[in-house]
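Please read this briefing beside the sequence and the 3D view.

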Amino acid sequence: MTQSLNRRAFLSRSAMIGCSLAASPLVTPLSFAATPGENRLVVILLRGGMDGLGVVRPYGDPAYRALRGDGGLSEPNGAVDLDGYFALHPGLRPLLPLWDKGQLGFAHAVSTPYRDQRSHFDGQDLLEAGLSDLNNGTSRDGWLNRALQHLPNGQTDTAYAIGRDQLSVLSGRAEVQRWSPEADLVLSPQAIKLAGLIMQDDPLFDAAFQKAMAISDSDGDAVATTGSLDDLMQELNNSRKQSSGKNRTTLEQRIAEFAGKRLREDTRIASFSINGWDTHQNQGRALHIALNRLSNAILTLQETMRGPVWNKTTVVAVTEFGRTAKINGTGGTDHGTGGLMVMAGGALRGGRVMADWPGLDESELYGRRDLMPTRDVRAYLGWLLHNQFGLTKSAIETSVFPGVDLGADPKLIR
Amino acid sequence: MRFDPQLAEIRFGCGLSPSVAAPKSVDQMLRTLSDTDAIASRFPIETFDDFQKRIAYAQSLQKIRKKNRGSPEALAAKKGRRVLNKEARIAQASWLGQHLNRWVSTEAPLRERMTVFWADHFTAAGKAGQVRRAASPYMESAIRPHINGTFEDLLVAAVLHPLMIHYLDQNRSVGASSERAARGGRLSGLNENLAREVLELHTLGVGAPYTQTDVTELAELLTGVTYAPPMRLKFRKDYAEPGAETVLGKSYGGGPAHIRDVVAVMRDLAHHPATAHHIAWKLAMHFTSDTPDPDLINALKVRFIETGGDLSAVYDALLKHPAAWVPQRSNVKPAFHFMGSAMRALGVPDPAITSLDEKTARRLFVAPLREMGHIWEKPDGPDGLPEEDAAWIAPQGIAARLQWSITVPQLLMKDLPDPREFVHNALGEFTTPAVEFAANAAETRWDGVGLVLASPAFQRT
């Protein structure tokens with residue numbers, strides 16, 4: 001770009017380019033290079049500690065009633081019987097069609113190796129690090145990033161961390177894209193063109209900007225706004241706002257939709273988080289809200305990916321720990337140990353609740369208060385990585401989840 | 001070397017300002033570090049001592065709560081704690097505003113840069129409750145007063161600070177053969193977190209010649225270091241592992257456990273040649289390039305060793321090395337640096353920042369910083385923020401910087417500067433034809449100003 005470039009020349013040049021970003025040179029051409037297989041994995045982190053006993057209720061366990069009541073099967077629109085032993089929280093009713101197709105499943109009485117301290121901070125660190133303990137300090141990378149390093153032909157777009165969350169589970173040496181739908185750009189068409197011009201001064205900036213425009217424009221609402229300053233601010237606020245009465249799409253849906261669109265293309269691994277599981281009081285309501293978010297996210301993924309891609313996909317939702325077996329004095333539950341992993345997806349061999357059930361008698365509880373974990377959640381995740389992406393067992397046991405005992409194959413994939 | 005005042009302000013300061021003159025010499029820049037810290041008095045941030053009063057108050061309420069469970073007093077105490085948490089949260093947002101005010105107006109910008117650098121080198125944060133808001137008070141008390149002294153004093157101040165002890169779990173670490181472990185209960189053994197990070201991050205560096213045995217021995221030597229209410233450093237003999245420990249071939253302790261052995265090992269680590277190299281490399285990378293000139297690293301390392309880690313002498317070596325003044329700018333501003341320097345270029349008046357309510361401050365600063373990749377005072381790990389340019393100039397980061405540049409300045413200032421003049425004030429001799437064109441061609445003032453701030457020319461140092 002030279003100094004002699006004047007406004008008129010610039011504008012007529014941009015007129016030739018046209019306003020549609022899809023046709024503009026800003027869009028990075030799609031890559032058709034080989035990808036690491038066709039299978040997809042979505043990892044959802046449920047931050048706050050999901051109450052596994054409240055979500056998938058072991059009403060068939062004689063000790064359950066004393067702890068939690070009758071399981072809620074008799075209430076109108078209440079819990080749903082899954083298999084004669086476990087009942088599903090009404091908040092996940094929207095997922096029943098998936099259950100019927102074998103595309104929803106659960107692993108119960110699972111946990112990370114984290115014990116006793118019951119801190120969110122450390123529990124989440126360990127869940128994302130994938131290690132056996134944190135005695136050597138926090139890990140610098142996450143297990144999903146280490147898994148990525150074992151994938152053949154990984155490319156720029158192979159893994160996506162989505163949302164505002166730092167998602168340490170994906171931090172590490174392997175390249176990961178990060179995008180939050182809230183970072184969506186809203187600019188005047190003129191500013192878009194001029195921004196493209198100034199970024200050309202610098203290759204690093206230019207590449208990042210082109211990619212940002214491509215992502216931002218592909219998510220359903222256009223970058224360009226032609227309105228006044230007030231309109232611009234309004235659109236910007238809308239794009240940042242969480243669900244309110246007026247907004248029909250929730251943040252989870254937007255994140256899941258974005259994830260689904262990327263997974264339809266070159267992305268094979270995506271991760272995001274859903275908060276709101278720390279249900280210390282009044283959990284009848286709080287848990288229902290959180291489960292709505294989870295089911296919305298899963299259904300949005302399914303809807304966005306549709307048929308063939310969904311059939312290659314497994315979604316797993318994991319949490320840092322379960323909660324106390326007993327309801328506390330304020331209608332909630334406190335930090336516990338054993339919990340639940342939720343799985344969904346067209347690739348899943350679901351329709352079952354997997355558990356080596358430990359029982360709920362006080363003597364059977366962990367520390368006489370929490371559901372006893374009978375299997376390391378990392379074993380399920382490890383088998384999933386093995387079956388979906390061909391990671392060797394030794395890579396999983398030494399690098400992805402060092403020290404994990406994989407045990408028998410739970411055969412999670414169709 | 002050729003001293004360039006504008007480059008000095010951009011590479012080693014807080015960026016060009018319409019009201020503060022650029023420095024005239026390296027010596028003038030260095031002198032500002034030993035002058036009185038005027039900007040800190042003008043825009044105060046709570047000290048950690050004062051922050052402890054908040055903690056003490058919360059602890060007294062907790063006592064009331066535990067003593068009278070279920071009673072009206074307990075309920076009132078519970079409510080009181082919630083109010084305290086909220087007040088601390090509001091204070092935290094106001095301190096971010098004060099950091100920004102300092103960046104906008106300071107005449108000693110090198111102090112802000114060094115404070116940010118060392119606060120990141122010694123990353124610490126609270127993990128629950130009010131303590132989550134304590135990072136700025138820690139920075140104000142443990143880091144800022146020590147940035148121009150010796151590295152060993154800075155190291156001791158940071159590593160033995162209660163916030164660091166809390167952040168890296170030192171308060172949970174007890175010797176396996178200590179009295180405390182013998183009593184049984186939750187605290188029964190070693191936690192190596194702090195010991196490892198001291199060696200790996202704070203002193204020797206990750207590739208340095210130390211072994212797992214050194215980590216374990218240092219962890220055993222550190223046992224006893226903890227804190228007591230409200231949150232004061234305390235050495236507890238009953239936590240300490242009895243006997244001597246050998247770290248990097250030297251034996252420490254052996255008599256009755258005492259914190260002086262911990263201080264002694266810190267001072268030795270501070271003087272280790274590997275530490276000199278690690279700090280030299282990190283300073284060179286932070287201020288010049290992701291791949292710094294080896295000769296610059298060596299010059300800093302030599303000065304560090306010669307002076308026993310006198311930081312002012314190391315800064316002198318940095319600022320007087322030709323590699324510090326190459327005109328090509330190959331570094332990129334991290335997110336907070338970008339925001340602070342943008343507000344300095346605009347000359348945002350301090351009442352515009354100070355008067356913001358918490359919610360607005362979070363919307364204008366905290367949320368955008370997070371989108372740029374910097375979660376304010378909630379570090380991803382003890383290794384702090386990334387130094388690599390590519391970590392910041394990724395699609396989301398650049399989108400967030402562009403969007404912030406176009407939308408936020410107009411919310412902070414009634415009268416935005418004319419972009420045609422602003423481009424020269426903000427970029428000085430680094431104005432490029434493309435940015436000048438964009439500033440002239442923009443349809444609105446806010447687009448014009450925003451494009452200048454979002455330009456690579458503004459973001460490179």
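Predicted model: local features only at pLDDT ≥ 70, side-chain atom pairs only at ≥ 80, totals over all residues.

Residues are numbered from 1 along each chain as its sequence is written, and chains are lettered from A and ligands numbered from 1 in the order in which they are written.

**Domains of chain B**
- Chain B has a domain 1 (165-271) and a domain 2 (335-459), with bounds from an automatic or database domain assignment.
- Between the C-alpha centres of domain 1 of chain B and domain 2 of chain B there are 43 Å.

**Helix α14 of chain B**
- Helices (H or I, at least four residues) and strands (E, at least two) are DSSP runs, numbered from the N terminus.
- Buried residues of α14(B) include B:His277, B:His278, B:His286 and B:Phe287 (buried means 20 or more other C-beta atoms within 10 Å of the residue's own, exposed 12 or fewer, partly exposed in between, with C-beta atoms placed from the backbone).
- The buried residues of α14(B) pack against several helices of chain B, among them α1 (5-11), α6 (109-121) and α16 (311-319).

**A helix pair in chain A**
- Helices α12 (377-389) and α13 (393-400) of chain A pack at about 135 degrees, with axes 9 Å apart; axes are lines fitted to C-alpha atoms, for helices over the stretch in contact, and angles run from 0 to 180 degrees between N-to-C directions.
- The contact (C-beta atoms, placed from the backbone, within 7 Å) involves A:Gly382, A:Leu385 and A:His386 of α12(A) and A:Lys393, A:Ile396 and A:Val400 of α13(A).

**Contact between the chains**
- In chain B, 44 residues are in contact with 45 residues of chain A.
- The most residues on the side of chain B that touches chain A come from α21(B), which gives 9.

**Backbone details**
- B:Pro229 and B:Pro230 are joined by a cis peptide bond with omega about -5 degrees, and B:Pro230 sits in the loop between β1 (225-228) and β2 (232-235) of chain B.
- A:Arg368, not a glycine, has a positive phi of about 55 degrees; A:Arg368 counts as exposed because it has 10 C-beta neighbours inside 10 Å.
- B:Asp169 has a positive phi near 65 degrees and is partly exposed, with 19 other C-beta atoms within 10 Å.

Note on methods:
Contact = placed C-beta atoms within 7 Å.
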